[in-house]
Amino acid sequence: MRVLGVDPGLTRCGVGVVEGVAGRPLTMLGVGVVRTPADDDLSHRLLAVEQGIEQWLDEHRPEFVAVERVFSQHNVRTVMGTAQASAVAMLCAARRGIPVALHTPSEVKAAVTGSGRADKAQVGAMVTRLLRLASPPKPADAADALALAVCHIWRAPAQNRLQQAVARHTVPVSKGRTA
């Protein structure tokens, strides 16, 4: 399974590609950051994020895109930018027919470090260890993107089995039925 992880942001949008399957060593295929100037017009920044993500999709051809789920913060402006960058990533994937999975920050931290309250340094250290890298990816947005990809690879098989089980046990409601 090849996954593009996206840590959305307008100034720095982390991207990382990981390949492998749960239970086996994983391989990092690429990591980086799509950057936009803070003083640019919002529309131009979103276009730059879109172009950057499209380049990553062209180069790495992932089977899945894992995006950090936007969560509530006190700074509405930060949340809006993150949500907009997240939407761009989902749009790029959908345009190509690539399935998108959303993972919360605490879900990613728990998957990679064992604790949903891990700090950025702990996430970076575990990504470095799990992917057998010489040093933690910089900036932290890049490490977070790799953590998202790792989280998805590890959790996707269990999520798929759960969805299949629910589908098998869900009774369809027939339309037009009267009592």
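Predicted model: local features only at pLDDT ≥ 70, side-chain atom pairs only at ≥ 80, totals over all residues.

**Stop 1: H1 and H2**

Two packed helices are described by the angle between their axes and the distance between the axes. Select residues 42–60, which form helix H1, together with residues 76–95, which form helix H2. Their axes sit 9 Å apart and the packing angle is about 40°, so H1 is oblique to H2. The handedness of this crossing is right-handed. Now show side chains. On the H1 side of the contact, look for Leu-42, Leu-46, Val-49, Glu-50, Ile-53, Glu-54 and Leu-57. They meet Gln-84, Ala-85, Val-88, Ala-89, Cys-92, Ala-93 and Arg-95 from H2.

**Stop 2: Arg-45**

Stay on H1 and pick Arg-45, which is part of that helix. Is Arg-45 buried or exposed? Its relative accessible area is 10%, so Arg-45 is buried.

**Stop 3: Arg-61**

Next, go to Arg-61, in the loop between H1 and E4. This one is exposed, with a relative accessible area of 56%. Check its backbone too: phi is near 45°, a positive value, and Arg-61 isn't a glycine. Why flag that? Most residues other than glycine have a negative phi.

**Stop 4: Glu-68**

Select strand E4, residues 64–68, and step to Glu-68. Which side chain of opposite charge is nearest to Glu-68? That's Lys-120, 6.1 Å away. A salt bridge needs a side-chain nitrogen within 4 Å of a carboxyl oxygen, and Glu-68 has none, although it is buried. What Glu-68 does touch, leaving out residues up to four places away in sequence, is Val-6, Asp-7, Pro-8, Ser-86, His-103, Pro-105 and Leu-148.

**Stop 5: H3 and H4**

Time for another helix pair: take H3 at residues 105–113 and H4 at residues 120–130. The axes come within 9 Å and cross at roughly 50°, so H3 and H4 are oblique to each other. Their crossing is left-handed. To see the contact, show Lys-109, Val-112 and Thr-113 from H3, then Gln-122, Val-123, Met-126, Val-127 and Leu-130 from H4.

**Stop 6: Ala-125**

Keep H4 on screen and select Ala-125, which belongs to that helix. Ala-125 counts as partly exposed, at 43% relative accessibility. Draw a line from its C-alpha to that of Pro-136: you'll get 6.1 Å, for a pair eleven residues apart along the chain.

**Stop 7: the loop between H4 and H5**

Last, go to the loop between H4 and H5, where Arg-132 is found. Arg-132 counts as exposed, at 53% relative accessibility, and has a positive phi of about 55° without being a glycine. The loop between H4 and helix H5 (140–169) also holds Pro-139. What is the peptide bond from Lys-138 to Pro-139, cis or trans? Have a look at omega: it's near -10°, and the bond is cis. For context, most peptide bonds are trans.

Key
Residues numbered from 1 in each chain as written. Heavy atoms only, no water. Helix = DSSP H or I, 4+ residues; strand = E, 2+ residues; numbered from the N terminus. Buried < 20%, exposed > 50% of the residue type's maximum accessible area, 1.4 Å probe, protein only. Lys, Arg positive; Asp, Glu negative; His and termini not counted. Contact = heavy atoms within 4.5 Å. Axes fitted to C-alpha atoms, helices over the stretch in contact; angles between N-to-C directions. Parallel < 35°, antiparallel > 145°, perpendicular 65-115°, else oblique. Left-handed = near helix turned anticlockwise from the far one by under 90°.
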